[in-house]
Amino acid sequence: MKLDGKVALVTGGGRGLGEGIAKKLAEAGCNIAIADIDLDNAKKVAEDIKKMGRKAIAVKVDVTKWEQVKSMVNKTIKELGSLDIAVNNAGVISIKSVEELSEEDWDHVLDVNAKGVFLCSKAEIPHMKEQNWGRIINVASIAGKQGFPDLAHYSASKFAVVGFTNALAKELAKTKITVNAICPGIIGTQMWYGDKGLANKWKGEKESMEESWQRNQESLIPQGVAQTPEDMGGLAVYFATAPHVTGQAVAVDGGMTL
Ligand SMILES: NC(=O)c1ccc[n+]([C@@H]2O[C@H](COP(=O)([O-])OP(=O)(O)OC[C@H]3O[C@@H](n4cnc5c(N)ncnc54)[C@H](O)[C@@H]3O)[C@@H](O)[C@H]2O)c1
């Protein structure tokens with residue numbers, strides 16, 4: 001296996017993209033720490049990964065809280081022996097125009113999506129420096145490359161992740177730590193397909209959520225079909241195995257940001 005014996009930590013790994021990324025990394029040989037604010041979901045994914053023949057632990061974390069983020073990293077190193085690949089994926093969305101948006105909405109999305117990536121990286125770097133090897137993979141979005149209506153705050157948080165990734169890659173360029181970002185396009189997780197998701201919010205009159213989901217895929221994505229969590233996992237495995245790729249924000253979006 002390409003990544004045999006490496007230890008990967010995936011935040012927001014309890015469902016959606018994080019789960020897909022964690023399982024692809026496990027397929028490639030990694031032992032995995034699944035960290036999520038929802039411990040029950042994290043435990044379920046960790047059990048699935050154990051069935052794949054890998055070691056796995058579940059950790060409860062709120063990525064906006066420094067003490068919890070430090071304990072997450074310490075627990076991973078203590079129980080799995082190292083931390084080689086960190087996928088900072090936990091994220092939240094809300095769908096509101098700037099006029100509708102409250103200060104609390106802004107703070108919550110920026111705190112989880114942008115500050116969370118900063119705090120996780122800050123806790124992950126010292127161990128990676130010590131072992132002179134590491135991969136930091138931040139999950140941004142195509143909304144970190146272009147704006148979308150009702151998502152100004154989300155876009156601001158994801159542009160922040162792309163800028164942070166680029167700057168940190170330069171800061172660490174002389175070490176054997178690479179820092180890259182995945183920019184997913186449209187995937188049918190809770191962010192799109194749940195009750196509070198984009199397909200519901202961007203529904204036409206008399207349109208069901210399913211019809212809206214189909215129409216949005218066809219109209220927004222040149223390839224006409226949504227991407228999958230496994231697609232994002234494939235890119236994470238690539239970043240983890242590519243020593244000379246750093247500072248990049250790569251879109252997996254069926255051509256949306258061509
Ligand atoms: N689904 C998409 O179309 C899409 C597109 C572009 C980018 N993304 C990004 O991908 C990442 C994953 O999104 P998803 O679609 O899987 O969403 P999701 O809502 O299905 O999963 C997000 C996970 O993060 C966890 N989480 C939320 N807040 C947290 C916190 N404070 N601390 C720890 N964990 C927390 C949730 O419990 C959940 O398990 C996010 O960063 C998101 O912005 C998603």
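Helices (H or I, at least four residues) and strands (E, at least two) are DSSP runs, numbered from the N terminus. On this basis the chain has nine helices and seven strands. The radius of gyration, taken over C-alpha atoms, is 18 Å, close to the 18 Å that the globule rule gives for 258 residues, so the chain is as compact as a globular protein of that length; the rule is 2.2 Å times the number of residues to the power 0.38. The model is predicted: local features need pLDDT of at least 70, side-chain atom pairs count only at pLDDT 80 or more, and totals for chains, interfaces and linings use all residues. Residues are numbered from 1 along each chain as its sequence is written.

**Ligand shell**
- The ligand is surrounded by 29 residues (C-beta atom, placed from the backbone, within 6 Å), and the closest are Gly12, Gly16, Gly91, Ser141 and Thr189.
- At least two shell residues come from each of α1 (16-27) and α6 (190-193).
- Domain 1 (7-186 + 228-252) and domain 2 (188-226) each contribute at least three residues to the shell.

**Domains**
- The bounds of domain 1 and domain 2 come from an automatic or database domain assignment.
- The C-alpha centres of domain 1 and domain 2 are 25 Å apart.
- Seven residues of domain 1 are in contact with 10 residues of domain 2 (C-beta atoms, placed from the backbone, within 7 Å).

**Overall dimensions**
- The C-alpha trace of the chain spans about 55 × 35 × 35 Å along its principal axes.
- Among contacts in the chain with a separation of 6 or more, 70% join residues 24 or more positions apart.

Key: Contact = placed C-beta atoms within 7 Å.
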